[in-house]
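Please read the following explanation with the coordinates open.

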Amino acid sequence: KVAVKLCARNYKFIYLGGHRDQTYHDYLVKTYGDFVDFVGMKENVDEYYKAADLMLFLSHRESAPTVIFESMAFSLPIVGWDTVGVNELIINDYNGYCCPYTKINYVADKVEFILENNEVNKRISNNSHKSFQDNYIFKKHVQRLLFSFKSLKGGN
């Protein structure tokens with residue numbers, strides 16, 4: 001629905017990945033296939049991230065999806081639903097926007113705002129990568145975990 005709303009802007013929407021429900025997937029392709037390129041599962045996902053300008057994550061069933069972390073690693077602004085877990089990863093006006101669930105116009109406005117404002121896009125892109133670097137690099141998690149264990153044992 002966001003792609004339909006923004007079709008006049010000449011953005012390209014790509015749905016990358018699989019699906020659980022073939023009937024629903026077929027419905028989506030039939031209904032939105034003129035607005036969204038449904039490419040399925042790919043092995044070269046890095047190439048898609050590198051070519052992207054933004055990650056639009058509108059799943060309401062995943063609370064800590066890998067694609068958000070991957071998007072941050074590739075410096076992509078992220079627009080997603082304000083749902084549990086996702087709203088802990090996306091910080092409004094910092095690394096993207098959490099949008100009220102089902103509010104398509106709100107989502108479309110945020111997508112357009114990011115993509116049409118170079119300064120905003122650059123700032124949010126940089127902050128997205130910074131979020132990943134500061135919070136989600138495995139080595140840093142291990143260091144925090146070791147620090148916590150040492151604190152529990154009195155520093156030994």
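Over the face of which ring does K110 lie at 5.8 Å from the ring centre? That ring belongs to F113. The charged end of K110 also sits over the ring of Y97, at 4.4 Å from the centre of that ring. A charge counts as sitting over a ring if NZ of Lys or CZ of Arg is within 6 Å of the ring centre and within 35 degrees of the ring normal.

The model is predicted, and local features need pLDDT of at least 70, side-chain atom pairs count only at pLDDT 80 or more, and totals for chains, interfaces and linings use all residues. Residues are numbered from 1 along each chain as its sequence is written, and side-chain values use heavy atoms, with hydrogens and water left out.

The protein chain has eight helices and five strands. Helices (H or I, at least four residues) and strands (E, at least two) are DSSP runs, numbered from the N terminus. In order from the N terminus, the elements run α-β-α-β-α-β-α-β-α-β-α-α-α. The C-alpha trace spans about 60 × 40 × 30 Å along its principal axes. Of the 156 residues in the protein chain, 31% are buried. Buried means under 20% relative accessible area, exposed means over 50%, and partly exposed lies in between (1.4 Å probe, protein chains only). Among contacts between residues at least 6 apart in sequence, 49% join residues at least 24 apart, where contact means heavy atoms within 4.5 Å.

The aromatic rings come next. A pair of aromatic rings is described by the distance of the centres and the angle of the planes. Rings of Phe, Tyr and Trp (its six-membered ring) pair if their centres lie within 6.5 Å; planes under 30 degrees apart count as stacked, over 60 as edge-to-face and the rest as tilted. A search of the whole structure finds six aromatic pairs. In one of them, the ring centres of Y15 and F38 are 5.4 Å apart and the planes stand at 40 degrees, so the pair is tilted. This pair links distant parts of the chain, with Y15 in strand β1 (residues 13-16) and F38 in strand β2 (residues 36-40), 23 residues apart. Y15 is partly exposed, at 34% relative accessibility.

F69 and Y136 form an edge-to-face pair, 4.8 Å centre to centre with 65 degrees between the planes. Here too distant parts of the chain are linked: F69 is in helix α4 (residues 66-73), while Y136 is in the loop between α7 (118-135) and α8 (138-152), 67 residues apart. F69 is partly exposed at 22% relative accessibility, and Y136 is partly exposed at 23%.

F69 also takes part in the packing of α4 against α7. Two packed helices are described by the angle between their axes and the distance between the axes. The axes of α4 and α7 come within 7 Å and cross at roughly 115 degrees, which makes α4 roughly perpendicular to α7. Axes are lines fitted to C-alpha atoms, for helices over the stretch in contact, and angles run from 0 to 180 degrees between N-to-C directions. Angles under 35 degrees count as roughly parallel, over 145 as roughly antiparallel, 65 to 115 as roughly perpendicular and the rest as oblique. On the α4 side F69, S71, M72 and A73 meet S128, H129, S131 and F132 of α7.

Helix α7 also packs with α6 (residues 104-116), at an angle of about 100 degrees and with the axes 5 Å apart. That angle makes α6 roughly perpendicular to α7. F113, I114, L115 and E116 of α6 make the contact with N118, V120, N121 and I124 of α7. Most residues other than glycine have a negative phi, and most peptide bonds are trans. D93 has a positive phi of about 65 degrees although it is not a glycine; D93 is located in the loop between α5 (86-89) and β5 (96-99) and is partly exposed at 38% relative accessibility. T102, also not a glycine, has a positive phi of about 75 degrees. T102 is in the loop between β5 and α6, and its relative accessible area of 46% makes T102 partly exposed.
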